[in-house]
Amino acid sequence: QMRPSDTLPVGPDLCLRMGDTEPGMKPTTLLVIFATIQFITYLDRGIISTYLGDIQDDYHLSSLQTGTLAGAYMVGYMAASPIFAHLATKYHPLFLIALGLSVWSLAVVCTGFSIEFGTILLARTLTGVGEASFACLAPPLIDARAPPPKKSLWMSIFYINIPVGYAFGYLVAGQWESSGTVSGSFAWRIPFIFTGAHTLLTLDRLFDPWHYFFKRCKKQRILYLFLHRHCPHPAHSLPVLQVERSVVLLREQGSSSKSGCEGDRHSGLHYV
(Lines give C-alpha, C1' and ligand atoms only; values in the text may rest on other atoms or scores of the structure.)
Protein backbone atom coordinates (compact mmCIF):
# COMPACT_ATOMS: atom_id res chain seq x y z
CA GLN A 1 0.00 0.00 0.00
CA MET A 2 1.33 3.41 -1.03
CA ARG A 3 1.60 6.08 1.61
CA PRO A 4 1.92 9.87 1.29
CA SER A 5 5.65 9.53 1.97
CA ASP A 6 5.98 7.75 -1.40
CA THR A 7 4.82 10.79 -3.36
CA LEU A 8 5.07 13.85 -1.13
CA PRO A 9 8.58 15.35 -0.91
CA VAL A 10 10.09 15.68 2.54
CA GLY A 11 13.10 17.46 4.00
CA PRO A 12 14.99 19.75 1.64
CA ASP A 13 13.04 18.51 -1.42
CA LEU A 14 9.82 19.75 0.16
CA CYS A 15 11.43 23.08 1.04
CA LEU A 16 12.93 23.51 -2.42
CA ARG A 17 9.67 22.83 -4.21
CA MET A 18 7.85 25.14 -1.88
CA GLY A 19 10.54 27.81 -2.14
CA ASP A 20 10.46 27.72 -5.94
CA THR A 21 6.74 28.49 -5.95
CA GLU A 22 6.94 31.45 -3.61
CA PRO A 23 7.74 35.05 -4.62
CA GLY A 24 10.94 35.71 -2.70
CA MET A 25 14.56 35.50 -3.69
CA LYS A 26 14.94 35.35 -7.47
CA PRO A 27 17.14 32.55 -8.85
CA THR A 28 19.60 35.04 -10.38
CA THR A 29 19.81 36.89 -7.06
CA LEU A 30 20.53 33.62 -5.29
CA LEU A 31 23.32 32.87 -7.77
CA VAL A 32 24.91 36.30 -7.31
CA ILE A 33 24.78 36.03 -3.51
CA PHE A 34 26.21 32.51 -3.44
CA ALA A 35 28.95 33.38 -5.93
CA THR A 36 29.88 36.40 -3.81
CA ILE A 37 30.01 34.30 -0.65
CA GLN A 38 32.16 31.73 -2.43
CA PHE A 39 34.51 34.54 -3.43
CA ILE A 40 34.72 35.89 0.12
CA THR A 41 35.40 32.50 1.74
CA TYR A 42 38.31 31.85 -0.58
CA LEU A 43 39.47 35.44 -0.22
CA ASP A 44 39.99 34.60 3.44
CA ARG A 45 42.07 31.56 2.51
CA GLY A 46 44.29 33.68 0.30
CA ILE A 47 44.74 36.21 3.10
CA ILE A 48 45.74 33.60 5.69
CA SER A 49 48.22 32.08 3.25
CA THR A 50 49.81 35.48 2.69
CA TYR A 51 50.19 36.29 6.37
CA LEU A 52 51.41 32.92 7.64
CA GLY A 53 54.95 34.29 7.89
CA ASP A 54 53.84 37.29 9.94
CA ILE A 55 51.73 35.09 12.22
CA GLN A 56 54.65 32.73 12.69
CA ASP A 57 56.90 35.61 13.72
CA ASP A 58 54.34 37.17 16.09
CA TYR A 59 53.50 33.94 17.90
CA HIS A 60 56.97 32.36 17.54
CA LEU A 61 55.56 29.26 15.90
CA SER A 62 57.46 26.27 14.62
CA SER A 63 57.15 25.13 11.02
CA LEU A 64 54.85 22.32 12.16
CA GLN A 65 52.53 24.73 13.98
CA THR A 66 52.44 27.06 11.00
CA GLY A 67 51.53 24.23 8.65
CA THR A 68 48.87 23.01 11.08
CA LEU A 69 47.38 26.49 11.17
CA ALA A 70 47.17 26.63 7.38
CA GLY A 71 45.14 23.40 7.18
CA ALA A 72 43.15 23.68 10.41
CA TYR A 73 39.95 24.59 8.57
CA MET A 74 39.87 21.10 7.01
CA VAL A 75 39.34 19.51 10.43
CA GLY A 76 36.22 21.59 11.07
CA TYR A 77 35.11 21.14 7.47
CA MET A 78 35.27 17.34 7.57
CA ALA A 79 33.62 17.14 11.00
CA ALA A 80 30.75 19.52 10.19
CA SER A 81 29.89 18.42 6.63
CA PRO A 82 27.94 15.24 7.58
CA ILE A 83 26.23 17.12 10.40
CA PHE A 84 24.89 19.81 8.08
CA ALA A 85 23.94 17.16 5.52
CA HIS A 86 21.82 15.46 8.19
CA LEU A 87 20.28 18.71 9.42
CA ALA A 88 19.27 19.55 5.84
CA THR A 89 16.64 16.80 6.10
CA LYS A 90 14.96 18.72 8.93
CA TYR A 91 15.62 22.40 8.28
CA HIS A 92 15.63 24.61 5.24
CA PRO A 93 19.07 24.87 3.56
CA LEU A 94 18.98 28.69 3.60
CA PHE A 95 18.56 28.62 7.37
CA LEU A 96 21.55 26.29 7.76
CA ILE A 97 23.67 28.33 5.35
CA ALA A 98 22.91 31.52 7.28
CA LEU A 99 23.76 29.73 10.53
CA GLY A 100 27.03 28.38 9.17
CA LEU A 101 28.08 31.70 7.67
CA SER A 102 27.43 33.38 11.01
CA VAL A 103 29.88 30.94 12.60
CA TRP A 104 32.34 31.55 9.77
CA SER A 105 32.15 35.34 10.11
CA LEU A 106 32.69 35.25 13.88
CA ALA A 107 35.61 32.85 13.45
CA VAL A 108 37.29 35.15 10.91
CA VAL A 109 36.88 38.12 13.27
CA CYS A 110 38.32 36.03 16.12
CA THR A 111 41.31 35.26 13.90
CA GLY A 112 42.11 38.94 13.90
CA PHE A 113 41.66 39.21 17.67
CA SER A 114 43.55 36.03 18.57
CA ILE A 115 46.17 36.29 21.30
CA GLU A 116 48.20 33.11 20.91
CA PHE A 117 48.50 29.91 18.88
CA GLY A 118 45.65 28.07 20.61
CA THR A 119 43.06 30.77 20.00
CA ILE A 120 43.96 31.33 16.35
CA LEU A 121 44.01 27.57 15.75
CA LEU A 122 40.49 27.29 17.19
CA ALA A 123 39.31 30.23 15.10
CA ARG A 124 40.68 28.76 11.88
CA THR A 125 39.09 25.39 12.69
CA LEU A 126 35.71 27.07 13.16
CA THR A 127 36.00 28.72 9.75
CA GLY A 128 35.87 25.20 8.32
CA VAL A 129 32.76 24.44 10.36
CA GLY A 130 30.99 27.49 8.98
CA GLU A 131 32.17 26.91 5.44
CA ALA A 132 30.90 23.32 5.49
CA SER A 133 27.28 24.44 5.59
CA PHE A 134 27.72 26.63 2.54
CA ALA A 135 29.86 24.22 0.52
CA CYS A 136 27.47 21.31 1.12
CA LEU A 137 24.12 23.05 0.61
CA ALA A 138 24.69 25.91 -1.84
CA PRO A 139 25.44 23.81 -4.97
CA PRO A 140 22.18 21.77 -4.73
CA LEU A 141 20.21 24.99 -4.27
CA ILE A 142 21.81 26.54 -7.34
CA ASP A 143 21.18 23.38 -9.34
CA ALA A 144 17.53 23.33 -8.26
CA ARG A 145 16.89 27.00 -9.12
CA ALA A 146 18.92 27.26 -12.34
CA PRO A 147 17.09 27.09 -15.70
CA PRO A 148 17.77 23.63 -17.22
CA PRO A 149 19.67 24.97 -20.28
CA LYS A 150 21.92 27.10 -18.02
CA LYS A 151 22.70 24.71 -15.16
CA SER A 152 26.30 24.15 -16.26
CA LEU A 153 26.84 27.88 -16.78
CA TRP A 154 25.48 28.74 -13.34
CA MET A 155 27.61 26.11 -11.64
CA SER A 156 30.70 27.35 -13.49
CA ILE A 157 29.98 30.91 -12.34
CA PHE A 158 29.73 29.62 -8.79
CA TYR A 159 32.93 27.55 -8.84
CA ILE A 160 35.06 30.03 -10.78
CA ASN A 161 35.11 32.13 -7.62
CA ILE A 162 37.34 29.56 -5.91
CA PRO A 163 40.55 30.44 -7.78
CA VAL A 164 39.48 34.06 -8.29
CA GLY A 165 38.80 34.56 -4.58
CA TYR A 166 42.04 32.84 -3.60
CA ALA A 167 44.03 35.03 -6.00
CA PHE A 168 42.36 38.21 -4.78
CA GLY A 169 43.20 37.18 -1.21
CA TYR A 170 46.90 37.28 -2.08
CA LEU A 171 46.38 40.56 -3.93
CA VAL A 172 44.45 42.29 -1.15
CA ALA A 173 46.79 41.12 1.61
CA GLY A 174 49.90 42.05 -0.37
CA GLN A 175 48.54 45.47 -1.26
CA TRP A 176 47.53 46.13 2.35
CA GLU A 177 50.91 45.11 3.69
CA SER A 178 52.82 47.18 1.13
CA SER A 179 50.68 50.27 1.80
CA GLY A 180 52.10 50.60 5.32
CA THR A 181 48.84 52.11 6.60
CA VAL A 182 49.14 50.08 9.80
CA SER A 183 52.51 48.85 10.95
CA GLY A 184 53.57 46.32 13.52
CA SER A 185 51.90 43.08 14.58
CA PHE A 186 48.42 44.53 14.19
CA ALA A 187 48.77 44.98 10.41
CA TRP A 188 47.88 41.40 9.47
CA ARG A 189 44.82 41.40 11.76
CA ILE A 190 42.93 44.19 9.98
CA PRO A 191 41.92 42.20 6.84
CA PHE A 192 40.46 39.37 8.94
CA ILE A 193 38.51 41.72 11.20
CA PHE A 194 37.15 43.72 8.27
CA THR A 195 36.20 40.66 6.18
CA GLY A 196 34.46 38.83 9.02
CA ALA A 197 32.67 41.86 10.43
CA HIS A 198 31.46 43.04 7.03
CA THR A 199 30.10 39.57 6.16
CA LEU A 200 28.38 39.24 9.53
CA LEU A 201 26.72 42.67 9.31
CA THR A 202 25.37 42.07 5.81
CA LEU A 203 24.36 38.45 6.39
CA ASP A 204 20.83 39.15 7.60
CA ARG A 205 20.28 41.61 4.77
CA LEU A 206 21.38 39.08 2.17
CA PHE A 207 19.31 36.24 3.63
CA ASP A 208 16.22 38.20 4.60
CA PRO A 209 13.89 35.63 2.94
CA TRP A 210 15.22 32.71 4.97
CA HIS A 211 13.12 33.72 7.99
CA TYR A 212 10.00 33.37 5.88
CA PHE A 213 11.13 30.19 4.14
CA PHE A 214 11.98 28.52 7.45
CA LYS A 215 8.53 29.26 8.86
CA ARG A 216 6.87 27.99 5.68
CA CYS A 217 8.98 24.85 5.75
CA LYS A 218 7.92 24.14 9.32
CA LYS A 219 4.28 24.63 8.37
CA GLN A 220 4.55 22.23 5.45
CA ARG A 221 6.30 19.62 7.58
CA ILE A 222 3.45 19.70 10.10
CA LEU A 223 0.98 19.37 7.23
CA TYR A 224 2.86 16.36 5.89
CA LEU A 225 2.86 14.66 9.31
CA PHE A 226 -0.89 15.22 9.56
CA LEU A 227 -1.49 13.66 6.14
CA HIS A 228 0.81 10.76 6.90
CA ARG A 229 -1.21 9.97 10.02
CA HIS A 230 -4.76 10.62 8.85
CA CYS A 231 -4.71 9.95 5.09
CA PRO A 232 -2.89 6.65 4.46
CA HIS A 233 -4.84 5.88 1.27
CA PRO A 234 -2.95 6.45 -2.04
CA ALA A 235 -5.80 8.60 -3.32
CA HIS A 236 -4.82 11.21 -0.75
CA SER A 237 -1.21 11.46 -1.97
CA LEU A 238 -1.75 14.91 -3.48
CA PRO A 239 0.79 17.47 -4.66
CA VAL A 240 1.91 19.80 -1.90
CA LEU A 241 0.23 22.90 -3.29
CA GLN A 242 -3.03 21.06 -3.93
CA VAL A 243 -3.03 19.74 -0.38
CA GLU A 244 -2.41 23.18 1.05
CA ARG A 245 -5.18 24.65 -1.12
CA SER A 246 -7.54 21.99 0.23
CA VAL A 247 -6.64 22.94 3.79
CA VAL A 248 -7.46 26.57 3.06
CA LEU A 249 -10.83 25.57 1.60
CA LEU A 250 -11.55 23.42 4.63
CA ARG A 251 -10.86 26.32 6.94
CA GLU A 252 -12.95 28.79 4.99
CA GLN A 253 -15.90 26.61 4.12
CA GLY A 254 -15.87 24.08 6.94
CA SER A 255 -15.98 21.27 4.39
CA SER A 256 -15.18 17.74 5.45
CA SER A 257 -14.57 16.26 2.01
CA LYS A 258 -12.09 18.46 0.13
CA SER A 259 -8.98 16.53 1.14
CA GLY A 260 -10.64 13.11 0.88
CA CYS A 261 -10.21 12.33 4.56
CA GLU A 262 -13.05 11.54 6.90
CA GLY A 263 -14.70 14.53 8.55
CA ASP A 264 -13.83 13.50 12.07
CA ARG A 265 -10.16 13.34 11.17
CA HIS A 266 -9.65 17.04 10.52
CA SER A 267 -9.08 17.89 14.16
CA GLY A 268 -5.36 18.17 13.57
CA LEU A 269 -5.67 20.99 11.03
CA HIS A 270 -5.52 23.67 13.73
CA TYR A 271 -1.84 22.81 14.14
CA VAL A 272 -1.05 23.93 10.56
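The questions and answers below go through a predicted model, from its overall make-up to single residues.

Me: How many helices and how many strands are there in the protein?
Reply: This is a predicted model. Read along the sequence, its pattern is α-α-α-α-α-α-α-α-α-α-α-α. The count is 12 helices and zero strands.

Me: What share of the residues in the protein is buried?
Reply: A residue counts as buried when its relative accessible area is under 20%. The protein has 272 residues, and the buried part of them comes to 44%.

Me: What part of the accessible surface belongs to carbon and sulfur atoms?
Reply: The accessible surface of the protein is about 13700 Å². The part of this surface that belongs to carbon and sulfur atoms is 63%.

Me: Among contacts between residues at least 6 apart in sequence, what percentage join residues at least 24 apart?
Reply: Contact here means heavy atoms within 4.5 Å. Taking the contacts between residues at least 6 apart in sequence, those that join residues at least 24 apart make up 79%.

Me: Which residues does the UniProt annotation "transmembrane region" cover?
Reply: The annotation comes from an unreviewed UniProt entry. In the model, one of its spans, residues 121–141, is 100% helix and 0% strand, with end C-alpha atoms 31 Å apart. Another, residues 153–174, is 95% helix and 0% strand, and its end C-alpha atoms are 32 Å apart. The record lists residues 28–48, 68–87, 94–115, 121–141 and 153–174.

Me: How many salt bridges does the structure hold?
Reply: Side chains of opposite charge can pair when their charged atoms come close. Pairs of this kind in the model include aspartate 44 with arginine 124 and arginine 45 with glutamate 131. The number of salt bridges in the structure is three.

Me: Which helices hold aspartate 44 and arginine 124?
Reply: The side chains of these two residues meet in a salt bridge, with 2.6 Å from N to O for aspartate 44 and arginine 124. The pair links distant parts of the chain, since aspartate 44 and arginine 124 are 80 residues apart. Aspartate 44 is in helix H2, and arginine 124 is in helix H7.

Me: How far apart are the closest N and O atoms of arginine 45 and glutamate 131?
Reply: Arginine 45 is in helix H2 and glutamate 131 in helix H7, 86 residues apart. Both residues are buried. They form a salt bridge in which the closest N and O atoms are apart by 2.4 Å.

Me: Is lysine 151 buried or partly exposed?
Reply: The side chain of lysine 151 meets that of aspartate 143 in a salt bridge of 3.9 Å, N to O. Aspartate 143 has a relative accessible area of 36%, so it is partly exposed. With a relative accessible area of 25%, lysine 151 is partly exposed.

Me: Which helices do the buried residues of H8 pack against?
Reply: In helix H8, residues 151–159, the buried residues are Trp154, Met155 and Phe158. They fall within an arc of 95° seen down the axis of H8, so they line one face of the helix. The helices they pack against are H2, H7 and H9.

Me: Which residue follows H3?
Reply: Helix H3 covers residues 52–59, with Leu52, Ile55 and Tyr59 buried. Seen down the axis of H3, these residues fall within an arc of 60°, so they line one face of the helix. After H3 comes a residue with a positive phi, near 55°: histidine 60.

Me: How far apart in space are serine 114 and arginine 189, C-alpha to C-alpha?
Reply: Serine 114 lies in the loop between helix H6 and helix H7, and at 3% relative accessibility it counts as buried. Its contacts beyond its neighbours within four places in sequence are Tyr59, Thr119, Ile120, Trp188 and Arg189. Serine 114 and arginine 189 are 75 residues apart in sequence, while the C-alpha distance is 8.8 Å.

Me: What is the area of the nonpolar surface patch that includes Val172?
Reply: Valine 172 is found in helix H9, and its relative accessible area of 36% makes it partly exposed. The patch is made by Ile160, Val164, Phe168, Leu171 and Val172, and its area is about 400 Å².

Notes. Residues numbered from 1 in each chain as written. Predicted model: local features only at pLDDT ≥ 70, side-chain atom pairs only at ≥ 80, totals over all residues. Heavy atoms only, no water. UniProt positions renumbered as here; feature names shortened; annotations may be inferred. Helix = DSSP H or I, 4+ residues; strand = E, 2+ residues; numbered from the N terminus. Buried < 20%, exposed > 50% of the residue type's maximum accessible area, 1.4 Å probe, protein only. Arc of directions from axis to C-beta. Patch = residues over 30% accessible without salt bridge, like charges linked within 9 Å, V, L, I, M, F, W, Y side chains within 5 Å. Areas by Shrake-Rupley, 256 points an atom, 1.4 Å probe, with all protein chains shown as cover. Salt bridge = Lys/Arg side-chain N within 4 Å of Asp/Glu carboxyl O.
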